[in-house]
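Please read the following briefing alongside the sequence and the structure. It takes up charged side-chain pairs, then a helix and its surroundings, and then a sheet.

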Amino acid sequence: MDDLKRYSRREILKRGAGALSALSFTGSFPSLLSAEDILVVRLSAGNDALNTVVPLRGGEYRRHRRSISISESDLIAITEEHGLHPALTETAPLYRKGDLAFFLGVGFSADAETSSHELADYFWKTGDLKADGFLSQENPQFSLNCRYIELEGFDTHRDQVRQQAIALEKLDRLINREYSQTKTIFIYSEFGRSLKENEDGGTDHGLGGLAMLIGGKVHGGIYGEYRFEGENLASVLEPSIIYDAIEKRDFDKQNLYFS
């Protein structure tokens, strides 16, 4: 929490969260038996995007990941340019059905870069000064009901191949259990991981990452791109585009991500 304590709320908003919309959810999170509009899933500690939705074109991925890259033959084919981690067997059919959207390179600009899990997640959770935050528990501005789940195991500084497979298997089971035509599942991680593998068979904290929207109202597909800056994955999409889409999902006929 040391990095978080250095910044006031206003400074944090100025540095990174100013790009977010004022979207937030009403009341306290409902119980597991309550019907909700949105299920928010945080892949805690920084999920590696590049080994989740794997690029098949270009040489950067395999050149920088000689021991932890996933062979194309092991991937679940979803497009000509991307394959899915083999642990996501129940998730892949939702993409083919058109009910899953992947957002590649989602994250904050370099001036908001931090290696602190707490501060990075605070960027995600904080709206502008008019709101208590996108994922806050007490704000009556919108009528969406939200449930929040945190999955651990994604801080893969070492032994990433094994550790991420275990974590993604848990995610796959959760998606299969929670998917419905009426509910939207929003999945994010506080930041991505480095393009280059480290000496311990893992990856370190990076910038751009991966987010997902899943549900019967979602316009499935792959949005954004993997753009490399040196040995890192650039942030090319701001979280605000996802927040705005969720807020307007039942009202805006021009919404790119929802029907």
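**Salt bridges**

Glu 178 and Lys 183 form a salt bridge through their side chains, with a nitrogen-to-oxygen distance of 2.7 Å. Both partners, Glu 178 and Lys 183, are buried, and salt bridges with shared partners connect Arg 147, Arg 177, Glu 178 and Lys 183 in one network. The model is a predicted one, and the distances in this briefing should be read with that in mind.

- The count of salt bridges in the model comes to 10, and the pairs described here are among them.
- Side chains of opposite charge can pair when their charged atoms come close.
- One of the salt bridges joins Glu 190 to Arg 42, and the closest N and O atoms of this pair are 3.0 Å apart.
- This pair links distant parts of the chain, since Glu 190 belongs to the loop between S7 and S8 while Arg 42 belongs to strand S1, 148 residues apart.
- Glu 190 and Arg 42 are both buried.
- A salt bridge also forms between the side chains of Asp 48 and Arg 65, at 2.6 Å from N to O.
- Because Asp 48 sits in the loop between S1 and S2 and Arg 65 in the loop between helix H3 (60-64) and S3, the pair ties together parts that are 17 residues apart in sequence.
- Asp 48 has a relative accessibility of 1% and therefore counts as buried, and Arg 65, at 0% relative accessibility, likewise counts as buried.

**Helix H6**

- Helix H6 covers residues 160-178, and its 19 residues should span 27 Å at 1.5 Å a residue; the C-alpha atoms at its ends are 26 Å apart, which agrees with that expectation.
- The buried residues of H6 are Gln 160, Gln 164, Ala 165, Ala 167, Leu 168, Leu 171, Asp 172, Leu 174, Ile 175 and Glu 178, and Glu 178 is also the partner of Lys 183 in the salt bridge described above.
- The elements that cover these buried residues include strand S1 (38-43), helix H4 (92-97), strand S6 (146-151), strand S7 (184-188) and strand S8 (209-214).

**The sheet of S2, S4 and S3**

- Three strands make up an open sheet, in which the order is S2-S4-S3 and the pairing is antiparallel.
- Strand S2 (53-55) and strand S3 (76-77) are the edge strands, each of which pairs on one side only.
- S3 and strand S4 (residues 82-84) run antiparallel and are joined by two bridges, and Ala 77 stands opposite Gly 83 in S4.

Key: Residues are numbered from 1 along each chain as its sequence is written. This is a predicted model: local features need pLDDT of at least 70, side-chain atom pairs count only at pLDDT 80 or more; totals for chains, interfaces and linings use all residues. Side-chain values use heavy atoms; hydrogens and water are left out. Two strands pair if DSSP finds at least two bridges between them. Helices (H or I, at least four residues) and strands (E, at least two) are DSSP runs, numbered from the N terminus. The expected span of a helix is 1.5 Å times one less than its number of residues. Buried means under 20% relative accessible area, exposed over 50%, partly exposed in between (1.4 Å probe, protein chains only). Contact means heavy atoms within 4.5 Å. A salt bridge is a side-chain nitrogen of Lys or Arg within 4 Å of a carboxyl oxygen of Asp or Glu.
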